[in-house]
Amino acid sequence: MLCALSKKGDGKAFEEITIRYIKLICSVAKKYSAYGYEIQDFVQEGLLSFLLACKTYSADCGSSYKNYAVKCTKNRFADIVKKANAKGSVPANKIVPIQTVEDEQDPLNNVEDYVLEREYLKTFLQHISSTLNEEERSIFQMYIKGFSYKDIAQKVGISPKSVDNTLQKIKRKLRQ
């Protein structure tokens, strides 16, 4: 499972999770707004919550990783909105996160790693936008939403094999 590999520090596994769920994260992020936050800020926070979900998810919990990660993401977004709406709060874009370093191995407890991770995710999202053409983005979005190859093929008007070929091409492009 990708989550287990990501939990062990496999960056490629987390990239694959990001590719699979980025559209879902974007659709959830569009439903939230807070003073000082743009949609991209929510998407970045959503990606960070997916990373945290990878580190804390247990298959024994009785829920799928997707459901668990979405719940974590919605909770994170709700916290952002609550803090932004608190009376006397400072706008989020003016705050520099400072965290107590409890465990140097955990990147979520290291401010420098946290900032670098956010920058990496922002760059990765920009890479997706600039690398894929319109047809590839459309197929990629449907794939991320969980559509089967057959369903994507019917919607786009190509064969399932062409969908598979396009997704393989997308994966190669995104790895560059």
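Let us start with Ser-138, which counts as partly exposed, because its relative accessibility is 31% and partly exposed covers what lies between under 20% for buried and over 50% for exposed. Please keep in mind that this is a predicted model. Ser-138 sits in helix H6. From Ser-138 to Ile-152 there are 14 residues in sequence, and their C-alpha atoms lie 9.3 Å apart in space.

Now to helix H6 itself. Two packed helices are described by the angle between their axes and the distance between the axes. Here the pair is H2, residues 11–29, and H6, residues 134–144. Their axes come within 7 Å and cross at roughly 90°. H2 and H6 are therefore roughly perpendicular to each other.

Which residues in H2 and H6 meet? From H2 we have Glu-16, Ile-19, Arg-20, Tyr-21, Ile-22, Lys-23 and Leu-24. From H6 come Phe-140, Gln-141, Tyr-143 and Ile-144.

I now turn to Lys-66, which belongs to helix H4, residues 65–85. Setting aside neighbours within four places in sequence, Lys-66 is in contact with Tyr-21 and Leu-24. Tyr-21 and Leu-24 were also named among the H2 residues that meet H6. Finally, Lys-66 and Ala-53 are separated by 13 residues in sequence, with a C-alpha to C-alpha distance of 9.3 Å.

How values were computed: Residues are numbered from 1 along each chain as its sequence is written. This is a predicted model: local features need pLDDT of at least 70, side-chain atom pairs count only at pLDDT 80 or more; totals for chains, interfaces and linings use all residues. Side-chain values use heavy atoms; hydrogens and water are left out. Axes are lines fitted to C-alpha atoms, for helices over the stretch in contact, and angles run from 0 to 180 degrees between N-to-C directions. Helices (H or I, at least four residues) and strands (E, at least two) are DSSP runs, numbered from the N terminus. Angles under 35 degrees count as roughly parallel, over 145 as roughly antiparallel, 65 to 115 as roughly perpendicular and the rest as oblique. Contact means heavy atoms within 4.5 Å. Buried means under 20% relative accessible area, exposed over 50%, partly exposed in between (1.4 Å probe, protein chains only).
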